[in-house]
Amino acid sequence: MKQSILFPKTRKEAPKDAESVNHKLLVRAGFIDQLMAGSWTLLPLGWRVVSKINNIIKEEMDAIGGQEMLMPLLHPKEIWNETGRWDKADEVMYKLKDKRKKEFVLSFTHEEIVMDLIRKNITSYKDLPISIYHFSTKFRNELRAKSGILRGREFMMKDLYSAHTSEEDLMEYYEKVKKAYSKIFRRLGFNSETGYVFKVTKASGGVFTDKYTHEFQVLSEAGEDTIYWKNDEDEAINEEILEGNKDDYKMAKSIEVGNIFPLGTWYAERMKIYFTDEDGKKKPLWFGSYGIGSTRVMGTWVEVSHDEKGIIWNKEISPFDVHLIELTGGKAKEVYEKLTYTGVDVLWDDRNIPAGEKFADCDLIGIPVRLVVSEKTKGKIEFKMRNSKDIELLSLDEVINKLK
Ligand code: ATP
Ligand code: MG
């Protein structure tokens with residue numbers, strides 16, 4: 001894509017009210033735009049990143065048998081009343097009435113809606129298990145909408161739901177999802193190679209279950225949460241279930257990027273969802289739900305991976321593979337066409353502006369590979385990684401090999 005047509009242009013200054021790094025950098029670099037507190041447009045660059053994040057999530061959901069669909073965002077009061085959450089979750093809900101005074105809520109999650117869907121479509125153990133998911137907007141009346149795109153009042157989530165005939169079957173699937181989530185976050189760049197890591201973190205089950213739930217927490221000073229773990233342990237625990245002496249633990253600030261819940265039969269009992277088992281008896285359905293906030297993931301990556309010049313994407317979620325900078329006397333067109341032909345996604349800075357501005361934008365946007373062609377490179381190409389100072393002079397074929 002030619003940068004001359006990319007919407008919008010980058011900005012020199014961050015918005016005055018921006019406090020967090022992700023807010024400042026993502027707005028300056030043209031990834032997101034704020035409509036009002038907690039409400040964001042994903043601009044072309046930002047939508048590219050979130051789409052890549054969603055694709056990785058989708059691949060791993062499909063790999064564990066998840067079936068993608070799409071559910072409505074406008075929900076009737078009656079269904080939310082069945083579990084009592086119409087009142088209990090009042091604080092986070094955006095409620096509204098239509099002209100006939102009928103009451104609705106904008107989706108803040110989908111458990112009740114999925115359970116209603118399942119109720120209408122199953123009767124026997126033969127119809128189970130079920131694993132369904134979707135990507136959609138969630139609306140939450142967040143009072144603390146100040147951490148940039150980390151905490152929106154409207155944000156994108158992938159939510160998966162599973163239904164089972166027994167606790168054993170639910171817990172077996174729960175462990176599968178837990179593994180799939182770890183794989184997703186490693187693929188998204190949170191791993192020992194980058195040094196930006198996450199920890200699977202035990203949290204309490206709340207009112208739903210006597211079991212634990214698990215949060216996926218990326219270590220970051222920008223986080224609102226604090227997690228604790230013992231030296232040799234992989235899993236951490238969160239503040240609510242911390243027991244004993246804090247001094248016995250390592251601790252760190254962290255950002256929650258995912259959360260999985262073995263909800264048990266709490267929903268089935270309240271919504272009266274039973275199936276006929278092999279023994280002919282009616283039994284309540286076992287239920288689990290599993291969320292990842294894909295817009296929060298984008299913001300989290302920026303919080304952990306940036307420098308004073310801008311964002312530093314990893315290649316899995318970068319909006320483009322390569323940023324091609326054309327300077328006076330350089331012949332970029334052939335490079336652009338050949339790279340594109342070999343399947344490399346190129347942002348080509350074809351603008352007629354000073355070199356310094358191009359380099360500044362390139363560092364701000366943060367695509368992992370920078371290529372420069374100019375009079376000085378004499379038919380060759382300067383190759384530089386965003387996270388390194390080293391520059392190599394290569395032929396086009398060498399560049400293509402290196403990118404593979
Ligand atoms: P938090 O504790 O941060 O308020 P939560 O526990 O309420 O989040 P869940 O209901 O578990 O969040 O939602 C699943 C995922 O959705 C979270 O792990 C997070 O990645 C994302 N998420 C939740 N709330 C927001 C928000 N306001 N803005 C952006 N992403 C969010
Ligand atoms: Mg949570």
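1. Ground rules. Residues count from 1 along each chain as its sequence is written, and because the model is predicted, local features need pLDDT of at least 70 while side-chain atom pairs need 80 or more. Side-chain values use heavy atoms, leaving out hydrogens and water.

2. Overall build. The protein chain has 11 helices and 23 strands (DSSP runs: H or I of at least four residues for helices, E of at least two for strands, numbered from the N terminus). Its C-alpha atoms fill a box of roughly 80 × 60 × 40 Å along the principal axes.

3. Of the 404 residues, 52% count as buried, meaning under 20% relative accessible area with a 1.4 Å probe, protein chains only. Contacts also reach along the sequence: among those between residues at least 6 apart, 68% join residues at least 24 apart (contact means heavy atoms within 4.5 Å).

4. Zooming in on His-214. You'll find His-214 in strand E10, residues 213–219. Is His-214 buried or exposed? His-214 is buried, with a relative accessible area of 7%.

5. Its neighbours. The side chain of His-214 makes a polar contact with the side chain of Tyr-174, at 2.8 Å. (That's a pair of N or O atoms within 3.5 Å; within protein, one must be able to donate a hydrogen and the other to accept it, and residues adjacent in sequence count only if both atoms are side-chain atoms.) Leaving aside residues up to four places away in sequence, His-214 also touches others, including Lys-178, Val-200, Glu-235 and Asn-259.

Technical notes: Chains lettered and ligands numbered in written order. Buried < 20%, exposed > 50% of the residue type's maximum accessible area, 1.4 Å probe, protein only.
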